[in-house]
Amino acid sequence: MPATTQISIWSSVALPPLDSPQWKSPIRAFAWGMSSVASTVLTLVLFATYLGIGALAHDSHFSLGWVLGSTLLVWAGPAQIILISTLGSGATAVQAAIAVTVSAIRLFPMVVSVLPLMKTPKTRRRHLVLATHFIAVTLWVECYRLLPKVPRERRIAFTHGLGCGLVIVCMVATTLGYELAAKLPPLFAAAILLLTPLAFLLSTARNCKQISDVLALVLGLALFPLVSMLHTGVDILISGVTAGSIAYGVHWWRERARA
Amino acid sequence: MSEFFGSPHALLVLVLAGFLPNEIWRMAGLWFGAGVDEGSEVLVWVRAVATAILAGVIAQILVQPPGALAGVPDWLRYGAVAAGFAVFMLTRRSIFAGVVSGEIILLAGKWWLG
């Protein structure tokens, strides 16, 4: 996981050594998890993203309570943007649900890969439900960076703190974005709305690990404007599945050629 | 309170179209995760499709912009994002530098247009 080592720009929150007696208290572990939110530049990216989501919800005529509920319950930026923009442009709930669930499949491998870091022989499945809910790209990356510095039996408490801290930051950003879109002059409101495509384009580009990821991003951008001329109501799905499958096909073909 | 949350129907749609279709994959990972190989080919395809769907949403916001963003000319929206991406590449993939540059181009362009 080489990407995780270069993300921290300031390490103001120094965690105590693994064998320190300070780790005896789960409440302290929770607090350290929460304060670790301040140790990563990803928090800033997340803040900008949720400013954009709040503004998008406002301009798509959703209520503030609704969008705060989506941040708390959905807790995945891409899914929230898909939900707001599909429903906002007149898609049915079923069409929105399909687009959301396809975008959310990527959470499955994240959960599968990160949970073993938190488990001890005594851990039951129900102990992991809340930590699992918090898993999205930011928490996933941060768990790889931070959990090795936390004693194994305190990792769930630590993750709960980290997750709660990030959710609080994003709830504040959502509210701020929503209110700013309502009150700012159109010039600045447009700037806040542009945060969403900018932050997502760049963080997705940064997460590209294989040729299939890069191709999927480029083809997905190029194909949507073409497919949207068909006005199918599921344009996002058609362009996404097509572009993603072509990208995978190229990956498969290259792997075969190499073998 | 009803003004804060909007209609009960909208909240029901949030749970049925937003929360459940998203959360199901996290819980599936919790329940069935032990037996899945992280590097399997199916997951490569899933990640490619998920990336392309997100790319489509980014394109949708730029091509069919919501609200105040629709007041910005097409060329300025595309130009701001292209400039942000160029700076991102030049700064060894700094998301922060890219976002700030794109925003500056948008604001400067709109201000210049009057």
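I started at the interface of domain 1 and domain 2 of chain A, where the rule finds zero salt bridges. I kept in mind that this is a predicted model. I then looked for polar contacts there. The count between the two domains of chain A is zero residue pairs, with both residues at pLDDT 80 or more.

Next I checked what domain 1 of chain A presents to domain 2. By class, the touching side has five nonpolar and three polar residues, and no charged ones. Helix 5 (93-104) and helix 10 (186-207) of chain A are the elements that give two or more residues to that side.

I went back to the domain bounds. Domain 1 of chain A runs over 23-207, and domain 2 over 210-259. Eight residues from domain 1 and six residues from domain 2 make the contact. I also noted the distance between the C-alpha centres of these domains of chain A, which is 25 Å.

Then I looked up the area. About 550 Å² is buried between domain 1 and domain 2 of chain A, and carbon and sulfur atoms give 84% of this. On the domain 1 side, I found that A:Q95, A:A99 and A:L201 supply 49% of the area buried against domain 2, more than any other three residues.

Last, I picked one residue, A:D213. I located A:D213 in helix 11 (residues 211-227) of chain A. Is A:D213 buried or exposed? I logged A:D213 as buried because its relative accessibility is 2%, against a cut-off of under 20%. I listed its contacts, leaving aside neighbours within four places in sequence. In chain A, A:D213 touches A:N207 and A:C208. In chain B, A:D213 is in contact with B:R47 and B:T51.

Note on methods. Residues numbered from 1 in each chain as written. Chains lettered and ligands numbered in written order. Predicted model: local features only at pLDDT ≥ 70, side-chain atom pairs only at ≥ 80, totals over all residues. Heavy atoms only, no water. Domains from an automatic or database assignment. Contact = heavy atoms within 4.5 Å. Buried area = accessible area lost by both parts, 1.4 Å probe. Salt bridge = Lys/Arg side-chain N within 4 Å of Asp/Glu carboxyl O. Polar contact = N/O pair within 3.5 Å; in protein donor to acceptor, adjacent residues only side chain to side chain. Helix = DSSP H or I, 4+ residues; strand = E, 2+ residues; numbered from the N terminus. Nonpolar A, V, L, I, M, F, W, Y, C, P; charged D, E, K, R; others polar. Buried < 20%, exposed > 50% of the residue type's maximum accessible area, 1.4 Å probe, protein only.
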